[in-house]
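Please examine the sequence and structure shown below. The briefing that follows is written for a reader who is new to protein models.

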Amino acid sequence: MLHSPAASNASLHGAGFWGRFKSTPKSKDVELQKQQQQAALAVPRLLTLAFDEMETVRKLPSSYAELENLVREWLRPPPDAVFGLRVPKEYVSIATARLVNGDYIYLTADETYQIAILGAQGLRVEIVGDAPPPPDDEPPPPPPPPVLEMPATFNLELVPGQQVALDTIISSDELDMARMEDGTTVDGMFWGKLDIVHQGDTHKMEFSGTRIVNSEEVPSDLLVDSRLISKLALVSAKPIVAKCHLNIYSPLQQYCDLVLSLSPYWTLGLAYPQPEQIQPNKVKYYLRVHPGGAIEHFESATHATSLYYEAIPDPGLLDPQEFITPRNGFAMSFRDFVTHLGHVLDQLGMTLFARTNFINNNLSAFAQHKNIAYRLMSPSKIAAAIDISVTVENCVFTRLFLMFRGVSNDEMQSFSDAGEKEANAMNWRENISWSELSKDKGQFRVLETSILELA
């Protein structure tokens, strides 16, 4: 009887033990059933693809490669089309969004794709690029109406040096003048031949020509003015600009107004500091100059050591073959020219620092040519194009205007008597009217160095 409680406890423990053991299989079955029910009720992760104004919903792929295939299957872009994929920041998980700088996650590989879908219940992928939208059933838009009339301007040279412009309307009965036979759209400028026929009361004009694309497409039998073609090529290649630097040296600090007056055949381009325009083709600088060469420009409150401006000539008046010839210039190889130019500038009183800067600043332009022809302009010719005046009683002007162009090996033969040897024998100080006063620090001096490349 004394052991009955213990026996009862043992009996209870035994019953509890066997009860737990017998209930385990039943618990696993319930757990498995719950998981199956949850899986059946779980909402699949979806993907929204967006391109322009179109959208589609698909099942979220598990890899970037599957995503890219899905995009190509939906859009069907051309094989060479380039497009990008991005996910807006608000469609990723909060944890991922905190690591993103910007508004999008750009998908470029499987690594970025896995980061984007991590923890997200769904995903929106935007397609950006030049891929076309899926084809629809709508018919293509009709072609534009044919161009049967268009204006045209012909420049006619009646006599040498006298030209007139003839404005006409070119018409066609049925041929579309805006398209080639293969349907290619034609636009732009044309060169050709205009035949004006007068037969009694019948007057007609016939034009045959070609669009200017490159020299290979111009037929050999096309009658055009070679001089006009060369000038057109000169203008279209690159603008011709004279780059000018003005240095002012004063014996004392004083105020000074400097005026640039350009001829009607020249226009002022870029300038720093910016001058004030007082008349067409006439500008003025309001300055205070210092003995050391420093310049204060009042309008812009700028301090500088020189004034820079660009002068642009009328391209129709420039002919490189006429401006630099064996009669007025010299030609030599690029390597010889650079060394020779340094000696010439030394003769003209330029300091080592000034002539080194002048050559170095233009060395890349010189190096574009195997051979170089050049000339230094006389002060009278420079002043006829660009005149300089200052509000100082006594001023010594030194103006160096270098004009150069590239020369072919064949053309170098015409400079056989105007080479480096002849250039070294030239009295350059007399050529530019150089004065000993240009070295006198007690004088008010203006030094201008300009360079113009004739392509």
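Pro273 lies in the loop between β12 and β13 (276–279), where strands (E, at least two residues) and helices (H or I, at least four residues) are DSSP runs numbered from the N terminus. The peptide bond from Tyr272 to Pro273 is cis, with omega near -10 degrees. This is a predicted model, in which local features need pLDDT of at least 70 and side-chain atom pairs count only at pLDDT 80 or more, while totals for chains, interfaces and linings use all residues. Residues are numbered from 1 along each chain as its sequence is written, and side-chain values use heavy atoms, with hydrogens and water left out.

**Backbone features**

- Most residues other than glycine have a negative phi, and most peptide bonds are trans.
- Asp52, which is not a glycine, has a positive phi of about 60 degrees; its place is in the loop between β1 (46–51) and β2 (54–59).
- Asp52 counts as exposed because its relative accessibility is 71% (exposed means over 50% relative accessible area, buried under 20%, partly exposed in between, with a 1.4 Å probe and protein chains only).
- Arg76, also not a glycine, has a positive phi of about 50 degrees and is found in the loop between α2 (64–75) and β3 (83–88).

**The sheet**

- An open sheet of mixed pairing is formed by 7 strands in the order β12-β17-β10-β22-β21-β19-β18; two strands pair if DSSP finds at least two bridges between them.
- β12 (266–272) and β18 (330–333) stand at the edges with a single partner strand each, so one side of each has no neighbour in the sheet.
- β18 pairs with β19 (residues 371–376) in the antiparallel sense over 4 bridges, and Phe330 stands opposite Tyr374 in β19.

**Helices on the sheet**

- Helix α7 (residues 334–347) lies across β18, β19 and β21 (396–406), running at about 125 degrees to β18; axes are lines fitted to C-alpha atoms, for helices over the stretch in contact, and angles run from 0 to 180 degrees between N-to-C directions.
- Helix α8 (residues 352–366) packs on the sheet and touches β19, β21 and β22 (445–453), contact meaning heavy atoms within 4.5 Å.

**The whole protein**

- The protein has 12 helices and 22 strands.
- Of its 455 residues, 34% are buried.
- Among contacts between residues at least 6 apart in sequence, 66% join residues at least 24 apart.
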